[in-house]
2 protein chains.
Amino acid sequence: MAGEGEFDFIARRLAPLTSDHPGAYGLKDDGAILAPPDGCAFAVTSDTLVEGVHFPTGEDPFRAGWKALAANVSDLTAMGATPGPYLLNIVWPKAGFAGRVDRFVDGLAQAQKAFAMTLVGGDTTSADGPWTLSITAFGVVKAGRTPHRGGAKPGDFLLVSNRIGDAYLGLQQHLGRAIFSDSSLSQHVDQKFAAPTPPVVLASILQDYASAAIDVSDGLLGDINHILQASGLSTHIDLGDLPLSEAGRDWVARQDNEPAARLALATGGDDYEIVACVPQESVAQFSAACAQAGQGVTVLARLEPGTGLRVTFRGKAMDADILGFTHF
Amino acid sequence: MAGEGEFDFIARRLAPLTSDHPGAYGLKDDGAILAPPDGCAFAVTSDTLVEGVHFPTGEDPFRAGWKALAANVSDLTAMGATPGPYLLNIVWPKAGFAGRVDRFVDGLAQAQKAFAMTLVGGDTTSADGPWTLSITAFGVVKAGRTPHRGGAKPGDFLLVSNRIGDAYLGLQQHLGRAIFSDSSLSQHVDQKFAAPTPPVVLASILQDYASAAIDVSDGLLGDINHILQASGLSTHIDLGDLPLSEAGRDWVARQDNEPAARLALATGGDDYEIVACVPQESVAQFSAACAQAGQGVTVLARLEPGTGLRVTFRGKAMDADILGFTHF
């Protein structure tokens, strides 16, 4: 999308998304002016999504737009940051993007409204290659109060928000490898896979109570391992404790090997839920604040000195052959 | 670059570039924490460069790394912003990137040192497509003192920094279309094309004196036109007034059609110099401050009410056939 096409796309479709931020100059300038509120800082995160790598080739562009923003909102939430401005960098494939532009911007517009965000800048170009979207998102944090991966302490409890595994089941359904006879369950997992809604209301609660947090984007066990490595701690997760949705329980009940099925849900990725580490004395207040905000949380483990993640199912060690298939 | 290769690249080569910014958490977290100094705001700009589109296929990766950062520094300078932190998003081509990584990071490291910047985050992935680099750069501006494209007023003078056209001549030399018998001229235009150094010291001077500014990245006349359109003004540029380097004068003297040759230099792009609009009463102080900072400036025109850019050569209207080949 070179020359006039690019300028027209920016002026006609993207510029209206900046109307809440005068410092974006309607995308007519080389950049935007941004400042956090007094006493606050920005948390900044950036994700690149490539068609055929991070979302399926031929994906509905509406969903691609939504998911690109949601992935960054999930990162911000884990940092205790309330989403605000964002930049969008697009590389359109030279062939065959024209039919996608409007659906994509519609998805982006709906997501930015849902997450209370505003486009403020970016870049648009085209090339002989796959459709590529980079989003750089800014969240507001109270200065000095950001949970990060390395902040957990021995004795902290490890909790996860809401349900785990539905996005994995949505992907399997998309690939024709999982079937739900109940259409409400089918729609539920499709929604969690294609148009996830990170629990943004947890951001300020994490700021108040969490010693460490991460969003579940590489799979629950993998992301727990990121915290353990960054904080220099160990823990033990029992797959019987996984918080499953009705769809998750329905699917697990139909699998021959329950530990393997639960392990798939705990390593499948893209849940966009939050893993939080909370000091023992704050667990009750943290859980109550989450419930007040309409978000379920489940205690999964307590953190201990040492290194490594031990995984069991109902107290029994997992078969090494099963664990060997995963990379967490 | 998926899996361990990606994590290793980030930890081994990119994380050391963040050592000046604790809020980058050594690239181990989902994002970075940033805040401008008290009383200041961030100017934020983002550019995506695709191999084969924005830099030549097979480009020395050292130069690609340098140029990616320089392009953003140029935008920040035009906004009166002093460069600071930046994010880097890379899509490596699946085939054949291994030999490029070290040279690329060396170029990036040298550029970030030259421009006093610090890596704070980003994303790394790989795909079947061209090498793609997105840089999002933050500059610090005094709140409320940012020159932008739409701020020029009738009667303001229009000035340009240093020399124009050398990057165009470097590209032509790279393509085998321009030859310099003097090796120092040859090296000069190659340097301006492949490893440009935007005049960052002008940022604070622009904040103090300029009503509007833009960096020359689309060609001098095209970028002047962006200011005219955003500010709702007109002006007249005489190509005889172009500030040319010794290489530029040498090359022009060897061309059959001088007006066409000068027009090529004035529309060729990527000079990464600054066009500034300055109120009449501040032109002398602005010029003196630039000279003090070691940067030449040339007055090119005065801005008038109306619309459009009139181009002449030594007072004579340009041939419509010549102008017709350009897009500014």
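User: How do you know that the copies meet through the same surface?

Analyst: Happy to walk through that. In this predicted model, 98% of the interface residues of chain B are also interface residues in chain A, so the two copies use the same surface to meet.

User: What makes the relation between chain A and chain B that of a two-fold axis?

Analyst: Chain B is superposed on chain A by a rotation of 180° with 0.0 Å of shift along the axis, at an RMSD of 0.1 Å. That is the relation of a two-fold axis. In chain B, the C-alpha nearest the axis belongs to G129(B), 2.3 Å from it.

User: How do you know whether the radius of gyration of chain A agrees or disagrees with that of a compact globule?

Analyst: Good one to check. A compact globule of 328 residues would have a radius of gyration near 20 Å, and chain A has 21 Å, so the value agrees. Along the principal axes, the C-alpha atoms of chain A fill a box of roughly 65 × 50 × 30 Å. Chain A holds eleven helices and twelve strands, and 53% of its 328 residues count as buried.

User: Which residues of α5(B) are called buried, and why?

Analyst: They are L185(B), H188(B), V189(B), D190(B), K192(B), F193(B) and A194(B). A residue is called buried because 20 or more other C-beta atoms lie within 10 Å of its own. Those of α5(B) pack against α2 (61–78), α4 (166–174) and α8 (246–253) of chain B.

How values were computed. Residues numbered from 1 in each chain as written. Chains lettered and ligands numbered in written order. Predicted model: local features only at pLDDT ≥ 70, side-chain atom pairs only at ≥ 80, totals over all residues. Buried ≥ 20, exposed ≤ 12 C-beta atoms within 10 Å, placed from the backbone. Helix = DSSP H or I, 4+ residues; strand = E, 2+ residues; numbered from the N terminus. Contact = placed C-beta atoms within 7 Å. Rg over C-alpha atoms; globule rule 2.2 N^0.38 Å. Least-squares fit on C-alpha atoms with pLDDT ≥ 70 in both.
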